[in-house]
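Colleague: I would like to go through some labels and hear what each one rests on. Please show the chain before we start.

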Amino acid sequence: MTDIRGSRALITGAASGIGRLLAAELGRAGASLVLWDLDGEGLLEAQAELRGNGCEVQTYVCDLTLRQDIEAVAAQTLAESGAVDILVNNAGIVSGKNLLDISPAEIERTFQVNTLALFWTAKAFLPGMLERDRGHLVTIASAAGLAGTSKLTDYCSSKFAAVGFDESLRVELKRQNSKIVTTVVCPFYTDTGMFEGVRTRFPWLLPILDPAYVVTRTVRAIEKDRRRLIMPRFVYSGLPSRLLPVDWFDALMAFFGISHSMDEFRGRE
Ligand SMILES: NC(=O)c1ccc[n+]([C@@H]2O[C@H](COP(=O)([O-])OP(=O)(O)OC[C@H]3O[C@@H](n4cnc5c(N)ncnc54)[C@H](OP(=O)(O)O)[C@@H]3O)[C@@H](O)[C@H]2O)c1
């Protein structure tokens with residue numbers, strides 16, 4: 001069990017969407033909060049709202065595309081706010097284009113935020129957790145980290161890497177007999193605006209998720225030390241289909257509408 005009450009939780013990408021709601025839910029559960037984001041104004045708004053609800057909150061502007069910035073802000077966080085017990089790597093970005101239309105800069109940025117930042121934040125906060133033999137690393141990956149699809153080459157591969165990062169680190173920590181827990185969260189499309197315009201063919205099986213639902217389940221998974229959370233449940237049933245011949249797998253993905261789910265993607269406007 002991870003005791004959220006009395007812990008310090010750091011959430012990246014906390015100025016909006018899932019990150020902001022996660023901060024509110026963790027604050028309600030009794031954590032003191034450290035919020036990181038690129039959006040300084042959004043951070044201040046979130047801070048005011050959370051303080052109004054009685055939460056202890058510190059905010060830091062951090063550009064997760066820059067390793068040096070992450071290292072500097074992490075050092076500042078540790079010096080000013082103290083040790084971090086729960087690290088939630090939540091920030092993420094999407095380009096939503098066919099491979100040849102994505103610029104090299106966009107591809108690099110996607111990997112910097114969705115994948116490399118996981119390494120730099122863990123390298124900054126894991127040593128303190130190891131010293132105390134206590135802590136929880138949460139990776140907000142995606143169902144797109146379990147199956148690749150059209151218009152998401154950079155996003156899916158960065159999220160596959162995020163899933164692999166969590167899994168490898170989990171095994172590494174177990175082999176060190178560490179009590180530190182990792183949780184990977186893989187939601188299907190969620191209604192935050194990030195994936196505006198996406199379509200689902202069978203909403204009763206694969207609904208566009210309510211961010212509040214994603215956040216409630218994520219916080220419960222953290223409390224229960226659950227190692228993997230995939231939403232909605234139907235996505236679990238897709239995992240064995242990986243064993244099918246590739247053409248059958250692709251046909252299933254097309255049948256369920258996943259392959260063309262991004263056709264009308266507009267993203268955040
Ligand atoms: N929404 C979905 O359908 C969905 C589904 C599955 C998984 N996820 C994952 O869930 C996580 C949260 O998604 P969301 O929908 O809540 O996204 P969101 O509403 O766009 O929020 C992401 C936050 O991350 C911040 N951010 C972006 N680039 C950054 C950078 N370089 N440095 C620091 N902060 C940065 C954004 O700031 P700015 O606003 O200033 O860019 C924003 O506040 C992401 O990892 C996403 O991949 C989302």
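Colleague: In which loop does Asp-225 lie?

Modeller: Asp-225 is in the loop between H6 and E7; helices (H or I, at least four residues) and strands (E, at least two) are DSSP runs, numbered from the N terminus. This is a predicted model, in which local features need pLDDT of at least 70, side-chain atom pairs count only at pLDDT 80 or more, and totals for chains, interfaces and linings use all residues. Residues are numbered from 1 along each chain as its sequence is written.

Colleague: Why is Asp-225 called partly exposed?

Modeller: A residue is buried with 20 or more other C-beta atoms within 10 Å of its own, exposed with 12 or fewer, and partly exposed in between, the C-beta atoms being placed from the backbone. Asp-225 has 13 such atoms within 10 Å, so it is partly exposed. Its phi is positive, about 55°, although Asp-225 is not a glycine.

Colleague: What makes Asn-177 exposed?

Modeller: Asn-177 has 7 C-beta neighbours inside 10 Å and therefore counts as exposed. Asn-177 sits in the loop between helix H5 (153–175) and strand E6 (181–187), and its phi, near 55°, is positive in a residue other than glycine.

Colleague: How do you know whether Trp-36 is buried or exposed?

Modeller: The count for Trp-36 is 29 C-beta neighbours inside 10 Å, so Trp-36 is buried. Trp-36 belongs to strand E2 (residues 32–37). Beyond its neighbours within four places in sequence, the contacts of Trp-36 include Leu-10, Tyr-60 and Val-73 (contact: C-beta atoms, placed from the backbone, within 7 Å). Ala-14, 22 residues away in sequence, is 5.9 Å from Trp-36, C-alpha to C-alpha.

Colleague: Why is H1 called oblique to H6?

Modeller: H1 and helix H6 (residues 211–223) pack at about 50°, with axes 9 Å apart. Axes are lines fitted to C-alpha atoms, for helices over the stretch in contact, and angles run from 0 to 180 degrees between N-to-C directions. Under 35 degrees counts as roughly parallel, over 145 as roughly antiparallel, 65 to 115 as roughly perpendicular and the rest as oblique. The angle falls in the rest, so H1 is oblique to H6.

Colleague: What is the peptide bond from Met-231 to Pro-232?

Modeller: That bond is cis, with omega near -5°. Pro-232 is in the loop between strand E7 (228–231) and helix H7 (234–238).

How values were computed
Contact = placed C-beta atoms within 7 Å.
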